Amino acid sequence: MTGGSAIPEEGVARRDVIIDTISRLIFPFILLFGFYVTIGTEGTGGGFQGGTILAAGFILYITVFGAKRGREKIPESVNTFFESFGLYLYNGSGLLCIIFSMGAVQFLNYPGIWPVTDLVGVAGSRAWIIAFMVEVGIGLTVMAAFISQYFDLAWKDEEEMVVRKE
Amino acid sequence: MKSLSSFGIVIVIILIGLSAYVIEDLPAFGDANSPANKYIRLFSMQSGAMEDQLEGGVIPIEIKNKIYDFGFNEENLYPTLEEGGYEIEWNEKNGGWDVLIEEGEIYFNEPIKYYCIKILGEELAVYRYNWPVRIIEWTEEETATPNAVTSGLADYRGFDTMGEETVILIGAIAVTMLLRRRGRL
């Protein structure tokens, strides 16, 4: 195993087998832990913290395997989509609460005739919205924001190197 | 330039004094009975024969008028203290009576603690319960969430968190646009 499909370039350090293997092994577990922190109403943490952990996983991948392979893992279109989709998920669920209850609620309180209200009750549906809409939406937005900024900084370095060589 | 810097020093001193004045009034953190966490004292008056009336489940007219004068009235869309619109319960823990009012919410139509009337020697002190009391006491029943911080962040104060997330999105977009200017700065 020679450390993935690294293209040897000038001025780029050789890949280390240990770092490659361990980061590839630990990457899915970081994502799993991030989702564990993000989803749910009982534990500590929440969207902001969980999104940061998810972003940390991707940043580890980008740092180890380079910006090119990182872009293959999470393309810019997907990243941009997540960035706005998180906010859309949050605002959309709140707006649906207002629409379904004919304006009786204040944003998320008392989710009206929300589809799951019949199954789990008013209080239960509020917990569902907190756990799977609000927190996930915040997490996605925070994750995408961190990753896009890290990518921008990483790309800039590479381009500056190219310019200097010329 | 010298006048500008001296003006800045004066502003800094004023700000330090203001923050010291504010910090002095802050309650001790974690005290469940501190005003910010529990209730605010509105006023106190001579008790007289009011205690018997309160025992009978009726708020004396003097207390009612004074509460209205404070602004908790119909004009400001606060629930009124009409006959039969409230309940009075003796609260052993506080050493006073709790006034419970139904706000008429559609999906959670139960009486909520509004005022607390305590006996302090010869006087009756009237307190107004704070919003955190509802979050602390009712969060498990209203939102099926055992963690009051989560329900407070995402449900009761949902609009606040929505704004925070919008700030994050706009900040990310702005930083991305700045970083991609590539030599045009």
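**Before selecting anything**

Please note that this is a predicted model. Its scores are ipTM 0.81 and pTM 0.74. If the display is coloured by confidence, consider chain B: its mean pLDDT is 83, and 92% of its residues reach 70 or more.

**Stop 1: two helices of chain A**

Select residues 17–38 of chain A, which form helix H1, and residues 47–73 of chain A, which form helix H2. How far apart are the axes of these helices, and at what angle do they pack? The axes lie 8 Å apart, and the angle is about 165 degrees. Since angles over 145 degrees count as roughly antiparallel, H1(A) and H2(A) are therefore roughly antiparallel to each other. The crossing of H1(A) past H2(A) is left-handed.

Now show the side chains where the helices meet. On H1(A), the contact residues include A:Phe27, A:Ile30, A:Leu31 and A:Gly34. On H2(A), A:Gly50, A:Leu54, A:Gly57 and A:Tyr61 are among them. By class, this contact of H1(A) with H2(A) comprises 13 nonpolar, eight polar and one charged residues.

**Stop 2: where chain A touches chain B**

Display both chains and select the residues between them that are in contact: 31 from chain A and 28 from chain B. On the side of chain A that touches chain B, helix H3 (76–100) and helix H4 (117–165) of chain A each supply at least two residues. Which helix gives the most to this side of chain A? H4(A) does, with 17 residues. Colouring this side of chain A by class shows 15 nonpolar, 10 polar and six charged residues.

**Stop 3: the sheet of chain B**

Turn to chain B and display its strands. Five of them form an open sheet in the order E1-E5-E4-E3-E2, with antiparallel pairing. Strand E1 (39–46) and strand E2 (86–91) of chain B are the edges, each pairing on one side only. From one strand to the next, the twist averages 25 degrees.

Six bridges pair E2(B) with E3(B) in the antiparallel sense.

Continue from E4(B) to strand E5 (residues 123–129) of chain B, an antiparallel neighbour held by six bridges. The bridge partner of B:Leu120 is B:Glu123 in E5(B). Zoom in on the turn: E4(B) and E5(B) form a hairpin with two residues between them. One of the turn residues, B:Gly121, has a positive phi of about 65 degrees.

**Stop 4: two helices of chain B**

Finally, select helix H4 (residues 131–143) and helix H5 (residues 148–156) of chain B. Their axes are 10 Å apart, and they pack at an angle of about 75 degrees. That angle makes H4(B) roughly perpendicular to H5(B). The contact involves B:Ile135, B:Ile136, B:Thr139 and B:Thr143 of H4(B), together with B:Ala148, B:Ser151, B:Gly152, B:Asp155 and B:Tyr156 of H5(B). Classed by type, this contact has four nonpolar, four polar and one charged residues.

Notes. Residues are numbered from 1 along each chain as its sequence is written. Chains are lettered from A and ligands numbered from 1 in the order in which they are written. This is a predicted model: local features need pLDDT of at least 70, side-chain atom pairs count only at pLDDT 80 or more; totals for chains, interfaces and linings use all residues. Two strands pair if DSSP finds at least two bridges between them. Helices (H or I, at least four residues) and strands (E, at least two) are DSSP runs, numbered from the N terminus. Axes are lines fitted to C-alpha atoms, for helices over the stretch in contact, and angles run from 0 to 180 degrees between N-to-C directions. Angles under 35 degrees count as roughly parallel, over 145 as roughly antiparallel, 65 to 115 as roughly perpendicular and the rest as oblique. Two residues are in contact if their C-beta atoms, placed from the backbone, lie within 7 Å. Ala, Val, Leu, Ile, Met, Phe, Trp, Tyr, Cys and Pro count as nonpolar, Asp, Glu, Lys and Arg as charged, and the others, Gly among them, as polar. pLDDT is the predictor's confidence in each residue, from 0 to 100. A crossing is left-handed if the near helix is turned anticlockwise from the far one by less than a right angle, and right-handed if clockwise.
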